[in-house]
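Work through the exercises below with the sequence and the coordinates open. Each task is followed by a solution in steps.

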Amino acid sequence: MRIVKYPHPMLTYPSKPLLKIDQTIRDIVAEMFELMYDNSGVGLAANQVDLPYQLIVVNPTGEREQKDKEYVFINPVILKLKGSQDGEEGCLSYPNLRLIVPRAKEVKFQAIDLKGQPHTYHWKDFEARIIQHETDHLLGKPFFLKATASSTDLEMALLQMKKQYLKDLEAGLEPTPEQFQENVKKWESERT
Ligand code: ZN
């Protein structure tokens, strides 16, 4: 498992609801948490690890030891947004970007946990920012489209990432469009 970087096609692919939670999914979740901690993240969406599922892992503390702060959100649905806040965001799929992104200050949302149980959550401030960022991932919406300011040259940074991606594609390190479609079809047919 690896974190895919912009402009990998999975990052703009709208994820499908997960209809089956099996041991493979539980293993994927454990691996996603490890990857997230290894990269100093606080949230990770399944399409960031090349899986087309509506699945998110979050730990607002970013601390591997704080297991009680770990959340798994399956098929999340935002029910209500309230207020607004400006704040800086980064993303593990865009490692060189730090952007100011306006978000709602409070979010009420629903999601299924790893046991298949539905829950309703009411998150505020930083936690609300995380869940909005991650649910945007599942919709295939890149976070830089919502940014109002950047401390780096956004266009230049995106161009650099594109150049690197094309190099990796040529070297066979990234999937061709055909391989990508096959991969999506396989994962979707198994659990969506
Ligand atoms: Zn992200």
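## Exercise 1: Aromatic rings

Tyr71, Phe73, Phe109, Tyr121 and Trp123 form one aromatic cluster. The model is a predicted one.

Task: classify the geometry of the ring pair of tyrosine 71 and tryptophan 123, and state where in the chain the two residues lie.

Solution. 
1. Searching the whole structure gives 16 aromatic pairs.
2. In the pair of tyrosine 71 and tryptophan 123, the ring centres are 4.9 Å apart and the planes stand at 75°.
3. Plane angles over 60 degrees count as edge-to-face, so the pair of tyrosine 71 and tryptophan 123 is edge-to-face.
4. Tyrosine 71 has 24% relative accessibility and counts as partly exposed, while tryptophan 123 is buried at 9%.

## Exercise 2: Helix 2 and asparagine 47

Task: check the length of helix 2 against its residue count, then find which backbone oxygen the side chain of asparagine 47 reaches.

Solution. 
1. Helix 2 covers residues 125-139, which is 15 residues; at 1.5 Å a residue it should span 21 Å.
2. The end C-alpha atoms of helix 2 are 21 Å apart, in agreement with that expectation.
3. Eleven of the 15 residues of helix 2 are buried, so the helix is mostly covered, given that buried means under 20% relative accessible area.
4. Among the buried residues of helix 2 are Ala128, Ile130, Ile131, Glu134 and Leu138.
5. Glycine 140 follows helix 2 and has a positive phi, near 80°.
6. Asparagine 47 sits in the loop between strand 1 (43-45) and strand 2 (55-58), and is buried with a relative accessible area of 0%.
7. The side chain of asparagine 47 reaches the backbone oxygen of histidine 137 at 2.6 Å.
8. Beyond its neighbours within four places in sequence, asparagine 47 is in contact with Val4, Met10, Leu11, Tyr13, Ser15, His137 and Leu138.

## Exercise 3: Helix 1

Task: repeat the length check for helix 1 and name elements that cover its buried residues.

Solution. 
1. Helix 1 (residues 23-38) has 16 residues and should span 22 Å at 1.5 Å a residue.
2. The end C-alpha atoms of helix 1 are 23 Å apart, which agrees.
3. The buried residues in helix 1 include Ile25, Ile28, Val29, Met32 and Phe33.
4. Strand 1, strand 2, strand 3 and helix 4 (177-191) are among the elements covering the buried residues of helix 1.
5. Helix 1 is followed by serine 40, with a positive phi near 55°.

How values were computed. Residues numbered from 1 in each chain as written. Predicted model: local features only at pLDDT ≥ 70, side-chain atom pairs only at ≥ 80, totals over all residues. Heavy atoms only, no water. Helix = DSSP H or I, 4+ residues; strand = E, 2+ residues; numbered from the N terminus. Expected span 1.5 Å × (residues − 1). Buried < 20%, exposed > 50% of the residue type's maximum accessible area, 1.4 Å probe, protein only. Polar contact = N/O pair within 3.5 Å; in protein donor to acceptor, adjacent residues only side chain to side chain. Contact = heavy atoms within 4.5 Å. Phe/Tyr/Trp six-rings, centres within 6.5 Å; stacked < 30°, edge-to-face > 60°.
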